[in-house]
Amino acid sequence: MQQQLTDTDRAPPRASMLDAALRIGLVAALAYTTFRIVTPFMGMLLWAAILAVMLYPLHRRLAARLGNRWSALLIGLVGVVVTLVPMIVVVASLAETLKAIVEQMQSHALTLPPPPARLADLPFVGTRLSEAWALAATNAPAALAKYRDALTGPAAWVLSFAKGLVAGEATFVVSCALAAVLVAYGEGAAAFSRRLMERITGSAERGTRLVALTAATIRGVAIGVVGVATIQALLLGIGFFAIGLPAAGLLTLATLLLCVVQVPALLLTLPVIGYVFAVETTGTAALFAVWTLIAGLSDNALKPLMLGRGGGVPMPVILIGVIGGMISEGLIGLFVGPVLLAVGYVLLLEWLRQHPGEGEAAGEGNAPAP
């Protein structure tokens, strides 16, 4: 009889189960609603957080001289200017190039050179490509009328890409401003991150170590990979714009993509150098070639100076992050994707290195005595 009463007392009443289910439902509804609200700003907020982690050491040094608020304000203003000016130049160049192509097509002034003789020798598609190229070179209106349906998709993609660049420019500016706010409250954000990881892992020591590892990975990839690629693309873009290339903005973006993926920029710049030698004087082309070669090889000097080569993250992880980020988030995903995927990769390796029962043992060691 006593055993039966004990079992009955241990059984949870229905009211308690209903209360628990109601709490779980309310928490799930709140989490879902919050996620729906934050989703449109997810890329911008993530990039702002990455910038804040990357710039926080600089903020601490400046805050010792200028104060916390003035240091954050200076970082925000410089970040907005540094981000806004190059993006305006690149976007304006792309818009001008697209406008010139459209105007030439409308006025029938767009001309193409005849197709190379070897193009027709390509298997399967060589003959069709040669015929389409020859028709476009001799009669552009007829080629447009014949291949209108095939060109509709690429034209729509180009228009969407141009709109995405404008939206990405505004996102970068807002992210820099938000990063300045986050670095001003860096101590509180770091303490919140440690408490969150401690709650997840059940160990204060392990939570602190994971926060430090995450911050180091973000700085390593954001500065050692994305930062170096941005500087290198800007140096090459200066040469493209200075020499007056017709598609300087598009070439700068293509260079940035190759540099983030850690593909040598010379694969793109060598054909450009050949084109410049064909259309410019020898002295001008030689000067452009020297600048382009120095800028294309500058990553060998920048990477050791800027926190190594990305914290030991393999290039396939960076590549998948770049492609997936661009597909999901557009231009800003080019920067956010590799950083987030690198953080996930490093945390996964850290979890795999953990011995079975280590987390539970650490949690039991930190648990209060009964």
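Is F288 buried or exposed? A few notes on that and on what surrounds it, bearing in mind that this is a predicted model.

1. F288 is buried, with a relative accessible area of 5%. F240 is buried too, and its relative accessible area comes out at 0%. The count of aromatic pairs is one, and F240 and F288 are the two residues that form it. The geometry is tilted, with 6.3 Å from centre to centre and 45 degrees between the planes. For the label, recall that stacked needs planes under 30 degrees apart and edge-to-face over 60.

2. **What the pair connects.** F240 sits in helix α9 (residues 204–243), while F288 belongs to helix α12 (residues 282–296). The pair therefore ties together parts that are 48 residues apart in sequence.

3. **The largest nonpolar core.** F240 turns up again here: along with W47 and L245, it touches the most other members of this 45-residue core. Helices that each supply at least two residues include α3 (42–66), α7 (148–184), α11 (266–279) and α12. The biggest giver is α9, with eleven residues. As background, nonpolar side chains tend to be buried together in soluble globular proteins.

4. **Helix α14, length check.** This one covers residues 315–329, which makes 15 residues. At 1.5 Å a residue it should span 21 Å, and the end C-alpha atoms are 20 Å apart, so the model agrees with the expectation.

5. Which residues of α14 are buried? They are V317, I318, G321, V322 and G325. Looking down the axis of α14, these fall within an arc of 135 degrees, so they line one face of the helix.

6. **What α14 packs against.** The buried residues of α14 pack against α9, α10 (248–260) and α15 (333–353).

7. **Cysteines.** How many disulfides are there? The count comes to zero, with the cut-off for a sulfur pair being within 2.5 Å.

Conventions: Residues are numbered from 1 along each chain as its sequence is written. This is a predicted model: local features need pLDDT of at least 70, side-chain atom pairs count only at pLDDT 80 or more; totals for chains, interfaces and linings use all residues. Side-chain values use heavy atoms; hydrogens and water are left out. Rings of Phe, Tyr and Trp (its six-membered ring) pair if their centres lie within 6.5 Å; planes under 30 degrees apart count as stacked, over 60 as edge-to-face and the rest as tilted. Helices (H or I, at least four residues) and strands (E, at least two) are DSSP runs, numbered from the N terminus. Buried means under 20% relative accessible area, exposed over 50%, partly exposed in between (1.4 Å probe, protein chains only). The expected span of a helix is 1.5 Å times one less than its number of residues. The arc is that of the directions from the helix axis to the C-beta atoms. Contact means heavy atoms within 4.5 Å. A nonpolar core is a set of buried Ala, Val, Leu, Ile, Met, Phe, Trp, Tyr and Cys residues joined through side-chain atoms within 4.5 Å.
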